[in-house]
Amino acid sequence: MISRLEFARQIDGPALEKEIDRLSGLGGSLLGAAQILSRRINCTLDWASLGPAGERFKFVASRGEAVVFWDRHKRCIIKLRGREENGFGTAGFGCILGQDTRGKIILSPGTMEQAIEREFLSWKSFQFACVYEARLEDGAGLLLRQDFVDGQAPTEKEIHHYMKGQGWTWMNGHSSISPVLQPYAWKRGNIGAFDANETNFIKAHADGEIYPIDLIVWHWPG
């Protein structure tokens, strides 16, 4: 476990504030993105003071489920996930698969324990995922570590070739799934892999292989 204060002191504060100011200055929907990023950090860390420029964790992005940092010490990616009320929205600590009142598969907010299990399922299914790094005190946040892959986003065609080669079945048009999720939903056995779009894969420059970096891998409901 790591305290909020300890983690806050290891964040490159000026780099983070620069990004918040940049987003705020652009206005429109990006002003909302700036506010969400600020909530995700400041509410999760109970408004503890951040570290100086050059500190260990440098801000990279605020994606749908997490705030992403570059770990200057371990040379890897660190993802901060947290509570819904602290700016992480309906993802919670990471989305899992659930069902709505009509029985259709939807994305539901996961607990910290479910977020860790999701990464375990991804390792079993794809041999690539995040690993547990630490939890913040009082369960305020979860830190996950992921190897950095230098590359670019694969095409949709490359993703389909990769998934089918791994034995997955594309579930587009399947009536058991909410229509908005169908185009990026796959199934293999009793496991689903959702949100399989170009933003959640990397095609490595080094070996040309495709790596899933942020899929929602969970037990198939029902």
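Reply: Two strands pair if DSSP finds at least two bridges between them; strands (E, at least two residues) and helices (H or I, at least four) are DSSP runs numbered from the N terminus. The model is predicted: local features need pLDDT of at least 70 and side-chain atom pairs count only at pLDDT 80 or more, while totals for chains, interfaces and linings use all residues. Residues are numbered from 1 along each chain as its sequence is written, and side-chain values use heavy atoms, with hydrogens and water left out.

Me: Which residue in β3 stands opposite Val-67?

Reply: Val-67 belongs to β2, and β2 pairs with strand β3 (residues 76-82) in the antiparallel sense over 5 bridges. Look across from Val-67 into β3 and you land on Leu-80.

Me: Which residue in the turn of the β2-β3 hairpin has a positive phi?

Reply: There are 4 residues between β2 and β3 in that hairpin. One of them has a phi of about 55°, and that's Arg-75.

Me: And on the β1 side, which residue in β2 does Ala-61 stand opposite?

Reply: β1 (residues 57-62) runs antiparallel to β2, with 5 bridges joining the two. Opposite Ala-61 you'll find Val-68.

Me: How many residues of β2 are buried?

Reply: In a regular strand, side chains alternate between the two faces of the sheet. Here Val-67, Phe-69 and Asp-71 point one way, with Val-68 and Trp-70 going the other way. Both sets are buried (under 20% relative accessible area; exposed is over 50%, partly exposed in between; 1.4 Å probe, protein chains only). That makes β2 mostly covered, the count being 5 of 5.

Me: How many aromatic pairs does the structure hold?

Reply: Rings of Phe, Tyr and Trp (its six-membered ring) pair if their centres lie within 6.5 Å; planes under 30 degrees apart are stacked, over 60 edge-to-face, the rest tilted. On that basis the number of pairs is 11.

Me: What kind of pair do Trp-70 and Phe-148 make, stacked or edge-to-face?

Reply: Their ring centres are 5.5 Å apart. The planes sit at 75°, so the pair is edge-to-face.

Me: How many residues apart are those two in the chain?

Reply: Trp-70 sits in strand β2 (residues 67-71), while Phe-148 is in the loop between β7 (141-146) and β8 (151-152). Trp-70 is buried at 18% relative accessibility, whereas Phe-148 is partly exposed at 47%. The pair links distant parts of the chain, and the separation is 78 residues.

Me: What about Tyr-162 and Phe-201, stacked or edge-to-face?

Reply: Those ring centres lie 6.1 Å apart. With the planes at 75°, the pair is edge-to-face.

Me: Which parts of the fold does that pair tie together?

Reply: Tyr-162 is buried at 12% relative accessibility, and Phe-201 is buried at 1%. Ring pairs also link both of them into a cluster with Phe-126 and Trp-168. Tyr-162 and Phe-201 are 39 residues apart in sequence, so the pair ties together helix α5 (residues 156-165) and strand β12 (residues 201-204).

Me: How many disulfides are there?

Reply: The test is a pair of cysteine sulfur atoms within 2.5 Å. The sulfur of Cys-43 is 20 Å from the closest one, in Cys-95, which is too far for a bond. Cys-95 has its nearest cysteine sulfur, that of Cys-130, 14 Å away. A search of the whole structure gives 0.

Me: Where does Cys-95 stand, buried or exposed?

Reply: Cys-43 is partly exposed, at 29% relative accessibility. Cys-95 has a relative accessible area of 10%, so Cys-95 is buried.

Me: How much space lies in the largest pocket?

Reply: A pocket here is an open set of points on a 1 Å grid over the protein atoms alone, where a 1.4 Å probe fits, with protein on both sides within 12 Å along at least five of seven lines; lining residues have an atom within 4 Å of a point. β1, β2 and β3 each supply at least two residues of the lining. Its volume (space filled by probe spheres on points joined across faces, edges and corners) is about 280 Å³.
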